[in-house]
Amino acid sequence: MDKTSPTAAGAVADIEDGASLAVGGFGLCGIPSTLISALYQQGAGSLRVVSNNCDTDEHGLGVLLGAGRIARVTGSYVGENKEFARQYLSGEVEVELVPQGTLAERLRAGGCGIPAFYTPAGVGTALADGGIPWRHHTDGGVAVASPTKEIRTFHGRGYVLEEAITCDFALVRAARGDRHGNLVFDKSARNFNPLAAMAGRVTIAEVEELVEPGVLNPDEIHLPGVFVQRVVALTAQQAADKRVEKRTVAP
């Protein structure tokens, strides 16, 4: 089955207002920037995003956030995005902060059909006890707080129940992919991309290099095509457009 879409715009055309999105990448590493740009042009708003962070003010999800198109974020890190922090503290966006490993496992569990799991991460903290501000009032007060989570003891140790995450769509970026949707990720871009892809009911992948089925070594495939519904081949210019959050040089 050929899953390629001619354009990024066509691939994201049916993402509606209020849709939930799992988005791959970490900071600016491995983000599906072309698909995000196409979604920005498409105009969908009130989006509920699950991603490690919201990238930067000028790039990636930060562009959607700055345009007021994101209503809720589930992530691990506010990061270098000052607009993200401002919107959260002013009550413009709802934010559920999740330990990074827990976020990864919630996405993976969603893709595997596991509804929930127990983890020791967060036991004895506000993550389990509840009360973390998810949304603020404009005056700084807490409008919505996190709920108390179930705790169980296994072998004398406490574990908190975490629910799996599934989303309407997933947007990811791969180094190589074929027309059947099999994907290979490059180095640290393999962080949240496979997990986000698994959690999407409709997963859209932008690939830097599109190859024919059978070219990829099955042992080298990081994500099988069963998890991917649409593939967008990037141009050479799009594939080379990789930003750096903080550029440093040796003295």
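Mentor: Helices, as H or I runs of at least four residues, and strands, as E runs of at least two, are taken from DSSP and numbered from the N terminus. The model we are discussing is predicted.

Trainee: Between which elements does the loop holding S46 lie?

Mentor: S46 is not a glycine, yet its phi is positive, at about 55°. Most residues other than glycine have a negative phi. With a relative accessibility of 46%, S46 counts as partly exposed, and its loop lies between helix 2 and strand 2.

Trainee: Is K187 buried or exposed?

Mentor: K187, a residue other than glycine, also has a positive phi, near 50°. Its place is in the loop between strand 11 (183-184) and helix 7 (193-199). Since the cut-off for that class is over 50% relative accessible area, the 68% computed for K187 makes it exposed.

Trainee: Which residues of helix 4 are buried, and on how wide an arc around the axis do they lie?

Mentor: An α-helix has 3.6 residues a turn, so residues three or four places apart point the same way. In helix 4 (residues 82-89) the buried residues are F84, Q87 and Y88. They sit on the same side of helix 4, because the arc they cover around the axis is only 100°.

Trainee: Which exposed residues does the face of helix 4 turned away from its buried side carry?

Mentor: The buried residues of helix 4 are covered by elements including helix 3 (61-66), strand 3 (70-75), strand 4 (94-97) and strand 6 (133-136). On the face turned away from that buried side, the exposed residues are K82 and L89.

Trainee: Which residue caps the N-terminal end of helix 4?

Mentor: Just after helix 4, G91 takes a positive phi of about 85°, but the cap you ask about is at the N-terminal end. There a side-chain oxygen lies 3.1 Å from the backbone nitrogen of E83, and the residue that supplies this oxygen is N81.

Trainee: Which element gives the largest share of the largest nonpolar core?

Mentor: The largest nonpolar core has 28 residues, and those with the most contacts inside it are I15, L47 and I204. Elements giving two or more residues to this core include helix 1 (8-11), strand 1 (20-23), helix 2 (33-42) and strand 10 (167-178). The largest share, four residues, comes from helix 2.

Trainee: With which residue does the side chain of E94 make a polar contact?

Mentor: E94 is found in strand 4, and its relative accessible area of 14% makes it buried. Leaving aside neighbours within four places in sequence, E94 is in contact with residues including A71, V73, W134 and V144. The polar contact, at 2.6 Å, joins the side chain of E94 to that of R72.

Trainee: Which strands stand at the edges of the open sheet, each with a single partner strand?

Mentor: Three strands form this sheet in the order 5-9-8, with antiparallel pairing. One side of each edge strand is left without a neighbour in the sheet, because each has a single partner, and these strands are strand 5 (116-119) and strand 8 (151-154).

Trainee: What angle does the direction of helix 5 make with that of strand 5?

Mentor: Strand 5 is joined by four bridges to strand 9 (residues 157-163), and the bridge partner of F117 in strand 9 is E162. Helix 5 (residues 100-112) packs on the sheet and touches both strand 5 and strand 9, its direction making with that of strand 5 an angle of about 155°.

Definitions and conventions. Residues numbered from 1 in each chain as written. Predicted model: local features only at pLDDT ≥ 70, side-chain atom pairs only at ≥ 80, totals over all residues. Heavy atoms only, no water. Buried < 20%, exposed > 50% of the residue type's maximum accessible area, 1.4 Å probe, protein only. Arc of directions from axis to C-beta. Contact = heavy atoms within 4.5 Å. Polar contact = N/O pair within 3.5 Å; in protein donor to acceptor, adjacent residues only side chain to side chain. Core = buried A, V, L, I, M, F, W, Y, C linked by side-chain atoms within 4.5 Å. Pairing = 2+ DSSP bridges. Axes fitted to C-alpha atoms, helices over the stretch in contact; angles between N-to-C directions.
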